[in-house]
Amino acid sequence: MLNLKCSVKSKHNSQRLKSIKNGLKNALVKGITEGGETIKEIAASNVNVNSGELRDSINFEIVNSDYASVSGAVKTGALPQAVTLEYGTGEKAEEFTTAKSIPWAVHESQAPKDMSKYKFKTRKTEQGIFYIISGASAHPYMRPAFEIGAEYTTNAVADAVADEIGRVT
């Protein structure tokens with residue numbers, strides 16, 4: 001979440017000050033929107049694509065735009081693969097798990113038809129084939145996008161505010 005605050009206070013409630021305050025708020029919205037959209041595009045280009053569902057769910061929105069602050073958010077849809085792809089799972093997870101050393105088994109009837117492409121170890125039993133899974137490595141897409149996009153967003157906000165200040169002076 002990117003959050004910048006701007007406030008203009010004065011004993012005098014003039015139209016000019018209101019205009020400046022509104023102009024600065026609009027400049028913040030413009031800069032944060034430019035930065036947020038850039039971060040969204042970077043994240044979408046970073047994400048590993050299977051069906052495209054996760055990539056297509058990445059979006060940006062202004063979540064707050066009152067007179068004191070402007071906040072924007074780049075986020076994914078509520079998809080289970082969003083967190084598991086970003087941080088990994090099981091033994092290979094970077095964060096958010098207590099099951100780091102517990103492999104699990106998935107019966108062939110519960111596995112996708114193309115499960116063999118993942119090259120998991122298998123165990124054949126009387127009940128069928130089980131895939132032994134110890135976890136999936138992380139493939140971060142959001143964190144790098146935020147790291148890359150942070151400076152761009154800061155510059156976009158600074159440029160938009162500078163343009164607005166130039167307009168009113």
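## Around H107

The backbone oxygen of Q127 sits 2.7 Å from a polar atom in the side chain of H107. The H107 side chain also makes a polar contact with the side chain of S109, at 2.8 Å. (A polar contact here is a pair of N or O atoms within 3.5 Å; within protein, one must be able to donate a hydrogen and the other to accept it, and residues adjacent in sequence count only if both atoms are side-chain atoms.)

H107 belongs to strand β4, residues 104-107. (Strands, E with at least two residues, and helices, H or I with at least four, are DSSP runs numbered from the N terminus.) With a relative accessible area of 17%, H107 is buried; buried means under 20%, exposed over 50% and partly exposed in between, using a 1.4 Å probe and protein chains only. Leaving aside residues up to four places away in sequence, H107 touches Q127, G128, I129 and F130, where contact means heavy atoms within 4.5 Å.

## Where the numbers come from

This is a predicted model, so local features need pLDDT of at least 70 and side-chain atom pairs count only at pLDDT 80 or more, while totals for chains, interfaces and linings use all residues. Residues are numbered from 1 along each chain as its sequence is written, and side-chain values use heavy atoms, with hydrogens and water left out.

## S69 in β3

S69 is in strand β3, which covers residues 69-75. S69 is buried, at 7% relative accessible area, and its side chain makes a polar contact of 2.9 Å with the side chain of N64.

## Helices α1 and α4

Now for a helix pair. The axes of α1 (residues 15-46) and α4 (residues 142-168) come within 7 Å and cross at roughly 155°, which makes α1 roughly antiparallel to α4. Axes are lines fitted to C-alpha atoms, for helices over the stretch in contact, with angles from 0 to 180 degrees between N-to-C directions; over 145 counts as roughly antiparallel, under 35 as roughly parallel, 65 to 115 as roughly perpendicular and the rest as oblique.

As for who takes part, the residues in the α1 contact with α4 split into 20 nonpolar, nine polar and five charged. (Nonpolar covers Ala, Val, Leu, Ile, Met, Phe, Trp, Tyr, Cys and Pro; charged covers Asp, Glu, Lys and Arg; the others, Gly among them, are polar.)

## V47 in the loop

V47 is in the loop between α1 and α2 (53-57). At 6% relative accessibility, V47 counts as buried. Not counting residues up to four places away in sequence, V47 touches L54, R55, L85 and Y141.
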